[in-house]
Amino acid sequence: MEQDQFPRQTKSLIEPSVKIKLSKWQLIIITGVILGLGFWLGQSTQSPPTSLAQSVENKTQGNILPVATTKLEPVQSYQTTQTYTGEVKASRSSEVGFERGGKLVAVLVDEGDRLDTGMPLAKLDTANLEAEKKALVAQKAQAQAVLAELKNGARSEQITAAQASVRDLEQQLALEKLKSSRREYLYQEGAIAREQLDEIAFNRKALQERLTNAQSNLAELNNGTRVEKIIAQQAAIEALNAEINNLDISIAKSVLKSPFSGIVASRNLDEGVVVDMGQSILRVVEDVDPEVKIGIPSTLSRQVPPGSKQEVEVGKQTYQAIVSSILPEVDAATRTRTVVLRLPPTARNKVAPEQIARLSVTQNSHTDGYWLPINALVKGDKGLWSCFAIVDSNNDNPEVERRHIELLETREDRVLVTGTLKPGDLIITDGAHRLVPGQVVQLTAS
């Protein structure tokens with residue numbers, strides 16, 4: 001029953017609304033009108049007005065990118081400037097100390113003081129050396145007196161006494177000879193024994209020996225001192241002089257003096273310390289014509305020959321330095337050779353040892369390539385570089401193509417390249433990162 005009721009209700013709702021009945025011809029006319037209107041609307045959509053087409057064309061032309069270009073000119077060589085770093089070195093620097101040990105009694109300078117050659121710097125205690133010197137001086141005086149006596153010979157009083165001694169012995173010997181003659185007679189007569197005769201003979205021989213000795217002494221006094229004794233005494237005096245001179249040298253070396261003009265860089269010890277031989281008391285640095293030592297590759301040593309002038313930068317100031325020498329050995333760590341440059345006297349009070357110094361060396365490199373502005377580079381795949389070139393510059397709207405290149409040298413605003421380029425090519429220098437191969441561009445006045 002429910003299924004029968006639903007159609008009846010629907011029919012009852014529809015029937016009241018259908019009041020007008022259309023004829024067959026009227027339906028045909030209405031259908032034709034609708035079809036004609038649809039055809040007219042379709043033609044209007046496919047064929048826009050002339051003003052709309054012109055607008056679209058203008059918009060397309062506005063998408064052409066204006067670009068700036070540069071014309072390639074080949075080069076066969078170029079100059080490069082490399083900067084190498086080194087240090088300012090004092091011409092001379094010394095850790096000065098005494099040549100002997102002793103007690104340090106005075107340090108006469110302080111750090112930063114300027115020194116002249118031979119200026120006293122410090123002193124050691126010399127009391128023991130002075131005492132030894134006095135003893136040697138006394139010994140020398142005694143030896144000199146003996147030498148003078150040897151050179152002057154015996155005095156007249158000594159000679160007179162020696163002569164008297166000889167005469168006395170001669171007289172005693174003459175008396176003994178007389179006694180001996182008498183004793184000989186008495187012995188032959190049997191008045192005395194043989195023993196008494198022998199005693200007189202012995203006394204005569206003893207007097208003869210004493211006379212001979214006295215005569216020798218008299219002859220020595222008359223002849224003067226032997227040359228050998230004088231020479232021996234002179235040698236003894238020279239030995240004493242050598243010992244005194246040695247003490248004088250030790251006393252002089254007890255005063256430490258500046259080996260050259262310079263500045264006291266450091267003071268290592270103070271008074272009261274017992275120092276050893278060679279122990280550093282002060283460090284002295286020479287401040288005359290400072291030097292610069294810079295390591296450069298061995299291949300560049302010909303670019304800076306000895307005697308040539310080079311620009312050296314120290315403390316943001318440039319000096320005209322002279323190459324004094326190139327050290328022969330290659331540094332094992334850096335594989336460079338050391339160039340020694342002498343700064344002008346004007347730099348004496350402006351630079352200090354251990355300051356950083358920079359040397360710029362210019363060299364010519366021979367290679368074929370082209371200089372391009374750095375803005376013309378386009379980074380490609382796998383770290384490669386490329387640029388865009390104009391295909392046909394005579395066309396009003398030329399196209400671009402990619403050229404692969406290799407970088408040879410880089411400067412601040414340009415690069416030297418080689419690759420698929422040829423002289424006279426127009427390379428896009430501005431906006432290259434927005435281009436793709438085959439894109440149409442518009443050349444701007446360069």
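Guide: First, a term for what follows: buried means under 20% relative accessible area, exposed means over 50%, and partly exposed lies in between (1.4 Å probe, protein chains only).

Visitor: Fine. What sort of model is this?

Guide: This is a predicted model: local features need pLDDT of at least 70, side-chain atom pairs count only at pLDDT 80 or more, and totals for chains, interfaces and linings use all residues. Residues are numbered from 1 along each chain as its sequence is written, and side-chain values use heavy atoms, with hydrogens and water left out.

Visitor: Salt bridges, then. How many in the whole structure?

Guide: The search finds 12. A salt bridge here is a side-chain nitrogen of Lys or Arg within 4 Å of a carboxyl oxygen of Asp or Glu.

Visitor: Why would such side chains pair at all?

Guide: Opposite charges can pair when the charged atoms come close.

Visitor: Which residue does Arg-267 bridge to?

Guide: Asp-270. Their closest N and O atoms are 3.0 Å apart. Arg-267 is partly exposed at 22%, and Asp-270 is partly exposed at 44%.

Visitor: And what is the N to O distance for Glu-87 and Lys-89?

Guide: It is 3.1 Å for that salt bridge. Glu-87 has a relative accessible area of 30%, so it is partly exposed. Lys-89 is partly exposed too, at 28%.

Visitor: What about Glu-409, buried or exposed?

Guide: Buried, with 17% relative accessibility. Its salt-bridge partner is Arg-411, at 3.9 Å from N to O. Arg-411 counts as partly exposed, at 27%.

Visitor: Which residues are linked in a network of salt bridges?

Guide: Glu-401, Arg-403, Lys-422 and Asp-425 are linked that way.

Visitor: What lines the second largest pocket?

Guide: Lining residues have an atom within 4 Å of a point. Among them are Ala-90, Ile-263, Val-264, Ala-265, Glu-286, Asp-287 and Arg-348. The lining divides into 9 nonpolar, no polar and 3 charged residues. Nonpolar covers Ala, Val, Leu, Ile, Met, Phe, Trp, Tyr, Cys and Pro; charged covers Asp, Glu, Lys and Arg; the others, Gly among them, are polar.

Visitor: Which strand gives the largest share of that lining?

Guide: Strand β9, residues 262-267, with 3 residues. Strands (E, at least two residues) and helices (H or I, at least four) are DSSP runs, numbered from the N terminus.

Visitor: Tell me about Ala-265. Which residues does it touch?

Guide: Ala-265 sits in β9. Leaving out residues up to four places away in sequence, Ala-265 touches Glu-111, Arg-283 and Val-285. Contact means heavy atoms within 4.5 Å. Ala-265 is partly exposed, at 39%. Its C-alpha is separated by 9.7 Å from that of Ser-94, 171 residues apart along the chain.

Visitor: Backbone next. What is phi of Arg-335?

Guide: Near 60°, a positive value in a residue other than glycine. Most residues other than glycine have a negative phi. Arg-335 is in the loop between β14 (317-330) and β15 (336-342), and is exposed at 55%.

Visitor: And where does Glu-354 lie?

Guide: In the loop between β15 and β16 (356-373). Glu-354 has a positive phi as well, about 80°. It is partly exposed, at 48%.

Visitor: Last topic, sheets. What is the strand order in the open sheet of 4 strands?

Guide: β8-β7-β5-β10, with antiparallel pairing. The edge strands are β8 (255-257) and β10 (274-275), each pairing on one side only. Two strands pair if DSSP finds at least two bridges between them.

Visitor: How many bridges join β7 to β8?

Guide: 3, with β7 (residues 120-124) and β8 running antiparallel. In one of these, Ala-122 has Leu-256 in β8 as its bridge partner.

Conventions
On a 1 Å grid over the protein atoms alone, a cavity is a set of points where a 1.4 Å probe fits but cannot get out, and a pocket is an open set with protein on both sides within 12 Å along at least five of seven lines; lining residues have an atom within 4 Å of a point.
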